[in-house]
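I opened this entry to record what I looked up in the structure. I start with the whole chain and then turn to single residues.

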Amino acid sequence: MTRTRSRNADRLFDVFAPPGPLGIIIDTTEEGPMIHSLKPTSQLLGLVDPGDLIVGLDGVDTRNMTAATFTRLMAKRSQGERKITLLKGLAPSTPTARTPR
């Protein structure tokens with residue numbers, strides 16, 4: 001599994017994911033599928049972060065996909081390496097829990 005940067009190094013990047021389950025939880029957003037969280041055993045730990053927007057899978061534009069549609073596409077391609085293209089941290093910060101006073 002490797003990570004490469006494009007010309008727009010600050011935002012757009014590719015991750016080459018190995019075959020099999022990746023251990024990521026995906027949310028549907030207006031901008032497209034977004035990484036919500038990673039399981040402790042995820043093969044993508046250290047490569048992607050919650051809030052990263054998934055914009056492509058093996059050259060297919062995923063920006064108009066729901067999380068369910070993206071997950072089905074990932075599963076169909078799970079036997080081989082997959083190129084996932086992401087935009088770094090486009091999600092608003094996750095709200096922090098407030099302690100009642």
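I counted the secondary structure and found 1 helix and 7 strands in the chain. The model is a predicted one. Reading along the sequence, I noted the order β-β-β-β-β-β-α-β.

Next I checked burial. Of the 101 residues in the chain, 39% are buried. I then looked at accessible surface, which is about 6500 Å² for the chain. Carbon and sulfur atoms hold 52% of that surface.

I also looked up contact range. I took contacts between residues at least 6 apart in sequence, and 57% of them join residues at least 24 apart.

Then I went to aspartate 52. I placed it in the loop between β4 (32-38) and β5 (53-57). Is aspartate 52 buried or exposed? Its relative accessibility is 0%, so I logged aspartate 52 as buried, the cut-off being under 20%.

What does the side chain of aspartate 52 reach? I found the backbone nitrogen of aspartate 49 at 2.8 Å. I also found a polar contact from the aspartate 52 side chain to the side chain of lysine 88, at 3.0 Å. I set aside neighbours within four places in sequence and listed the contacts of aspartate 52: Phe13, Pro33, Met34, Ile35, Leu86, Leu87, Lys88 and Gly89.

My last stop was aspartate 58, in the loop between β5 and β6 (60-61). I noted its phi near 50 degrees, a positive value in a residue other than glycine.

Methods: Residues are numbered from 1 along each chain as its sequence is written. This is a predicted model: local features need pLDDT of at least 70, side-chain atom pairs count only at pLDDT 80 or more; totals for chains, interfaces and linings use all residues. Side-chain values use heavy atoms; hydrogens and water are left out. Helices (H or I, at least four residues) and strands (E, at least two) are DSSP runs, numbered from the N terminus. Buried means under 20% relative accessible area, exposed over 50%, partly exposed in between (1.4 Å probe, protein chains only). A polar contact is a pair of N or O atoms within 3.5 Å; within protein, one must be able to donate a hydrogen and the other to accept it, and residues adjacent in sequence count only if both atoms are side-chain atoms. Contact means heavy atoms within 4.5 Å. Accessible areas come from the Shrake-Rupley method with a 1.4 Å probe; for residues, only the protein chains shown count as cover.
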